[in-house]
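Work through the exercises below with the sequence and the model open. Try each task before reading its solution.

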Amino acid sequence: MFYVQEVRGEQATLRGEAAQHVRKVLRAERGQRYEISDFENIWLAEIADFGKDTVQFNLLSPVEAVTPPAALHLFPALIKFDHFEWILEKATELGVERITPIYALRTDKGLDQAAPKRMERWRKILYESGQQARRLRLPELDAPCRLEQALPRVLNHKYFLEEQQGAGPILKTLPAQRTQTDTIGLLCGPEGGWDDRERAAATAAGWTSVSLGRQILRAETAAVAGLSIIIAAWDSVT
């Protein structure tokens, strides 16, 4: 699927790098069909013509968009950027609605200063992943913030992944009554786990600690596993 920049009547226009990709990499020809979206609707469309840096489509028919079973807000602690960017990619594929990167106490030194400079790259990752996953809309990406700034967010259900003993198994902790209007937050810790001060602050702010089991998981693996379980749980009742 491709996100187009303009839709007028029964025609749509794809511009820039994506248009170059269609023409020069995919070597598409007139008459070939692709799904396209303007972030409001998805259509099956046919290539009508090429410009210097554009691809013109004729809209053929609407395509039903696949929507997530609930609004999921991910709060991943900043980790090494190649691993963090993998989280962004997979969270987009899984249908996360919003992503707020977190400066944790155990976030590697230097990542906090470098993170704002990566925002453009991270938005491009979301864009490309959204096309690959045929998402109607992209996740919102917030500027990185401190944990204490994220904790007061108003959400129906708030969980933080905990590697220490004592946290309830995630499947047993999720509510029995679930609806598509629910908003869910998931906090994922850094490499090395949460500091005790962060655990106390999250608990005081109404976040519930949850466990993914006895296995030791990398930070990025835990984030995607937690998301997958929550999305599957809500999907099973909608």
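**Exercise 1. Find what share of the contacts in the protein chain links residues 24 or more positions apart.**

Solution. Take contacts as heavy atoms within 4.5 Å. Keep those with a separation of 6 or more; residues 24 or more positions apart supply 74% of them.

Two notes on the model. It is predicted: local features need pLDDT of at least 70, side-chain atom pairs count only at pLDDT 80 or more, and totals for chains, interfaces and linings use all residues. Numbering runs from 1 along each chain as its sequence is written, and side-chain values use heavy atoms, with hydrogens and water left out.

**Exercise 2. State how many residues the protein chain has and what percentage count as buried.**

Solution. Set the cut-off: buried means under 20% relative accessible area (1.4 Å probe, protein chains only). The chain has 238 residues, and 47% of them pass as buried.

**Exercise 3. Locate the largest cavity through its lining, then sort the lining residues by class.**

Solution. First, define the search. A cavity is a set of points on a 1 Å grid over the protein atoms alone where a 1.4 Å probe fits but cannot get out; lining residues have an atom within 4 Å of a point. Points are joined across faces, edges and corners, and volume is the space filled by probe spheres set on them.

Next, count. There is 1 cavity of 30 Å³ or more. The largest cavity holds about 60 Å³.

Then list its lining: P68, P69, A70, L72, L94, G95, V96, I184, I230, I231 and W234.

Last, classify. Nonpolar covers Ala, Val, Leu, Ile, Met, Phe, Trp, Tyr, Cys and Pro; charged covers Asp, Glu, Lys and Arg; the others, Gly among them, are polar. The lining has 10 nonpolar residues, 1 polar and no charged.

How values were computed: 1 Å grid on protein atoms, 1.4 Å probe; cavity = no way out; pocket = protein on both sides within 12 Å on 5 of 7 lines; lining within 4 Å. Buried < 20%, exposed > 50% of the residue type's maximum accessible area, 1.4 Å probe, protein only.
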